[in-house]
Amino acid sequence: MAYVIPKENFSGKVLEMTLGAGDKAAVVGGGSALPFHSFEGEGSTRPLIALEIQDVPPSDWPDEVKKQYSSVSDDPAGWAKYCQNDLGAKAVALRLVGTHPDRENRSVEDAVGTVKAVLDAVDVPLIILGSNHVEKDSQVLVAAAEAASGKNCVIGKAQEANYKTIVAAALANNHKLIAMSELDINLAKQLNILIGQMGFSSDRVLTDPMCSALGYGLEYTYSVMERIRLAALAQNDTTMQPPIVGDVGMYVWKIKEVMAPETDLPEWGAIEERGIAWESITATSLMVAGVNLLIMRHPKAVEGVNKTLDELT
Amino acid sequence: MALTGVQIFKLLPKTNCKKCGFPTCLAFAMKLAQRQAEISACPDVSEEAKATLGDASAPPVRGIMLGTGDKSVKMGEENVMFRHEKKFVNPCAIALNLSDTLSDDDLAARAVEVAASEIDRVGQKLRVDAVSVEFASGDAGKYADAVKLVADKAPEAAIILNCTDPQAVEAAVKVVAARKPMIYGADEGNLDAMVALAKEHKLILGVSADGIEAVMDLTRKAKEAGVDDIVIDTGAKTAKDIIEHNTQIRRSAIKKGVKELGYPVINNCMRDDTMVEANVAAVAIAKYASIILLNHIERWKNLALFTLRQNIYTDPQVPMQVPQKVYEISDPAADAPLLITTNFSLTYFIVAGEVENSKVPTRLAVMDCEGLSVLTAWAAGKFTANKIAQFINETEDFNAVSHKELVIPGQVAILSGALEDKLPGWKITVGPREANGLPAFLKNKTA
């Protein structure tokens with residue numbers, strides 16, 4: 001019996017969009033096959049990896065990743081430039097964590113100043129993230145979106161509790177938008193519908209179904225992402241067709257496995273490689289599930305993922 | 001192809017004798033259709049029906065035991081493409097590959113790495129399951145010696161004979177026959193000799209070819225020659241090949257009923273760059289590999305790959321649980337804060353992680369709620385004032401605590417009044433609704 005390749009041809013697709021402006025603009029998403037299934041159709045473009053920077057020194061990052069940026073992390077613009085010019089980052093994600101009331105509680109004006117400085121420093125696409133404080137984000141991100149008008153940034157994250165103001169700001173200033181819900185495909189769908197009802201076109205939305213680290217609920221994120229991709233392709237569900245975001249770094253670089261020294265837990269092996277592997281395997285697994293845009297922290301984890309992508313694409 | 005319950009029912013005696021343990025033949029037929037019963041449970045079924053049903057009820061991917069003894073692992077028996085549909089059944093075996101050209105000291109040391117690889121995670125003992133010895137020396141005697149040495153130093157690991165020379169395989173099989181080594185090296189050129197060895201010693205036969213169509217030809221011939229336990233190697237060279245080949249094989253087996261591809265798959269994930277090897281292994285674990293071969297098994301890599309394998313093979317319908325007890329975080333003194341939560345592993349991990357991040361020494365009491373999260377457990381009546389009070393009163397671990405203040409999750413703030421009634425002398429404090437509020441809460445509390 002001759003072998004017949006069991007192909008599945010889908011009617012749906014993943015929406016394709018351009019992030020950033022100018023020569024360094026990048027395309028994410030696209031395609032109509034499951035991730036890395038090129039035997040049956042064209043897949044999405046190579047996932048884009050953004051290196052994360054912050055508006056304040058990363059005092060809460062574990063040493064193994066903090067020390068990678070010790071010479072630049074007190075200046076967001078210098079940090080961004082280092083990521084682009086020295087580390088070759090294809091995108092930068094600025095997290096305005098210092099605006100959180102429990103952190104430095106930086107003002108909206110200070111945040112705007114940081115956004116402008118970072119935009120002046122780099123020309124790769126910029127992702128502007130809030131501090132995940134629902135009320136403060138709706139002030140900070142609105143001002144940040146205005147300050148970055150015309151730069152085709154990604155603004156996030158809009159959640160059910162604050163999406164209206166953030167969507168309006170992204171709409172008015174021509175940005176892309178990250179819509180985040182909590183590990184549930186129905187919530188992800190519902191939020192995308194609500195955003196669509198505000199007149200925000202779905203080809204400008206990226207879905208963040210909430211990330212988790214390896215060993216800390218990765219299987220939930222993995223399966224929600226797989227289900228979103230299947231809904232987009234097999235069921236041609238247009239609300240599930242935006243590219244998927246994996247905010248990997250912040251979920252990985254706070255768990256015990258990236259912080260416990262080898263002297264305490266010799267059976268866990270070298271801490272440096274352990275942390276890098278944790279971030280890189282989390283990211284790799286989620287790419288297999290369908291991620292289009294990754295936000296990561298450790299340069300060597302990014303390097304590992306990029307080398308793996310060379311084999312995958 | 002699978003039969004429906006009604007189709008199966010027509011082949012049964014229809015006596016409703018109950019000897020199978022089910023009340024009627026129809027009920028038994030339904031269980032057979034769901035693969036939750038075995039046809040052998042019916043003593044009266046005809047041989048003809050048994051043959052038909054045996055074929056139809058055989059799992060689409062053959063189940064095969066790798067290795068011997070307590071640490072042997074089952075492969076295959078998978079039924080679905082995606083883990084949200086149904087649990088992935090038998091986790092991928094991880095194997096270290098060693099060349100027989102290594103010195104005896106190196107071989108022994110690397111085999112000991114396998115023997116000492118066990119790590120406990122969430123109550124499961126996880127380890128490198130197998131060691132593969134690759135025939136590179138060209139000397140059958142040297143190969144057998146290397147296999148013997150490795151098998152002795154890794155006494156519980158499954159042995160894989162990664163060798164395309166039938167004479168060398170035969171020499172090695174003789175020295176480790178009791179370990180039931182897997183022969184991994186049958187190809188187009190040596191199939192007859194390898195089949196003969198596998199049959200004679202009742203061993204698993206790994207067959208290799210370049211691509212799926214070529215390997216199908218070999219699995220069919222091996223099966224026709226009388227080998228049942230087969231493992232497939234399509235020569236996948238890149239991570240992309242691994243996804244594409246493994247996906248096509250799984251789909252062909254479970255959706256198209258292609259029997260020649262209804263076997264577990266082995267993938268070579270060996271890379272010079274150990275971080276890339278870890279990532280490629282992750283791709284193979286996520287995408288249907290039953291055995292992966294590695295060059296390096298550093299402890300950090302083992303921990304990460306074991307964890308991924310555990311995550312991917314978790315039952316999506318049964319929550320992971322941690323044992324009920326009072327967990328001490330950051331070496332708490334007698335007056336350290338005392339929190340309570342449920343034993344859903346994700347809840348525990350997230351809460352414990354945030355407590356660790358706070359750097360505030362704390363006791364975290366984890367109560368058995370059958371693996372449900374806080375709100376779900378409360379709604380299901382498993383995390384109620386009565387049950388929490390009973391847990392607090394019966395747990396001896398509280399002897400080390402010098403105070404009587406219990407912090408409950410903010411999502412069940414509604415329980416605080418009832419709990420104070422049930423626990424006279426205790427002060428009940430309502431904590432944050434989300435775990436990420438814990439660092440600020442704990443710092444504030446102990447400031």
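## A walk across the A–B contact and beyond

Start at the boundary between the two chains: 52 residues from chain B and 52 residues from chain A make up the contact. Keep in mind along the way that this is a predicted model.

**Stop 1: the face of chain B.** Colour the two chains separately and look at what they hide from each other. Together, chain B and chain A bury about 4,700 Å², and 62% of that is on carbon and sulfur atoms. On the chain B side, select Arg251(B), Asn279(B) and Trp300(B): these lose the most area to chain A, together 14% of what that side buries.

**Stop 2: polar links across the boundary.** Between chain B and chain A there are 23 residue pairs in polar contact, with both residues at pLDDT 80 or more. Now show the secondary structure of chain B. At least two residues each of the side touching chain A come from β4 (119–121), α8 (212–224), α9 (239–255), α10 (274–286), α11 (299–312) and α12 (345–358) of chain B. By residue class, that side of chain B divides into 26 nonpolar, 10 polar and 16 charged.

**Stop 3: salt bridges between the chains.** The count between chain B and chain A is seven salt bridges. For one of them, pick Arg271(B) and Glu311(A), whose closest N and O atoms are 2.6 Å apart. Next, select Lys287(B) and Glu226(A), a salt bridge with its closest N and O atoms 3.7 Å apart. This pair crosses from the loop between α10 and β12 (291–294) of chain B to helix α7 of chain A. Are Lys287(B) and Glu226(A) buried or exposed? Both are buried.

Stop 4: Glu219(A) is buried but has no salt bridge, and the nearest side chain of opposite charge, Arg83(B), is 5.4 Å away. A salt bridge here requires a nitrogen within 4 Å of a carboxyl oxygen. Beyond its neighbours within four places in sequence, Glu219(A) is in contact with Arg83(B), Asn311(B), Thr314(B) and Met320(B).

**Stop 5: inside chain A.** A search of the whole structure finds 43 salt bridges over all chains. Select Asp55(A) and Arg106(A), which form a salt bridge at 2.9 Å between the closest N and O atoms. Asp55(A) sits in the loop between β3 (48–54) and α1 (63–66), and Arg106(A) in the loop between β4 (91–95) and α3 (108–121) of chain A, so the pair ties together parts that are 51 residues apart in sequence. Asp55(A) is buried at 6% relative accessible area, and Arg106(A) counts as buried at 17%. Then select Glu52(A), Arg95(A), Lys157(A), Asp208(A), Asp247(A) and Arg297(A) together: a network of salt bridges links them.

**Stop 6: along helix α9 of chain B.** Glu244(B) and Lys240(B) meet in a salt bridge of 3.3 Å, N to O. The two are separated by about one helical turn because they are four residues apart in helix α9. Glu244(B) is buried, with 11% relative accessible area, whereas Lys240(B) is partly exposed at 23%.

**Stop 7: zoom out on chain B.** The C-alpha trace of chain B spans about 80 × 65 × 35 Å along its principal axes. Chain B has 16 helices and 17 strands, and buried residues make up 53% of its 447 residues. To finish, find Thr376(B) in helix α13 (residues 374–379), partly exposed at 40% relative accessible area. Thr376(B) and Pro43(B) are 45 Å apart, C-alpha to C-alpha, and 333 residues apart in sequence.

Methods
Residues are numbered from 1 along each chain as its sequence is written. Chains are lettered from A and ligands numbered from 1 in the order in which they are written. This is a predicted model: local features need pLDDT of at least 70, side-chain atom pairs count only at pLDDT 80 or more; totals for chains, interfaces and linings use all residues. Side-chain values use heavy atoms; hydrogens and water are left out. Contact means heavy atoms within 4.5 Å. Buried area is the accessible area (1.4 Å probe) that two parts lose on being put together, summed over both. A polar contact is a pair of N or O atoms within 3.5 Å; within protein, one must be able to donate a hydrogen and the other to accept it, and residues adjacent in sequence count only if both atoms are side-chain atoms. Ala, Val, Leu, Ile, Met, Phe, Trp, Tyr, Cys and Pro count as nonpolar, Asp, Glu, Lys and Arg as charged, and the others, Gly among them, as polar. Buried means under 20% relative accessible area, exposed over 50%, partly exposed in between (1.4 Å probe, protein chains only). Lys and Arg count as positive and Asp and Glu as negative; His and the chain ends are not counted.
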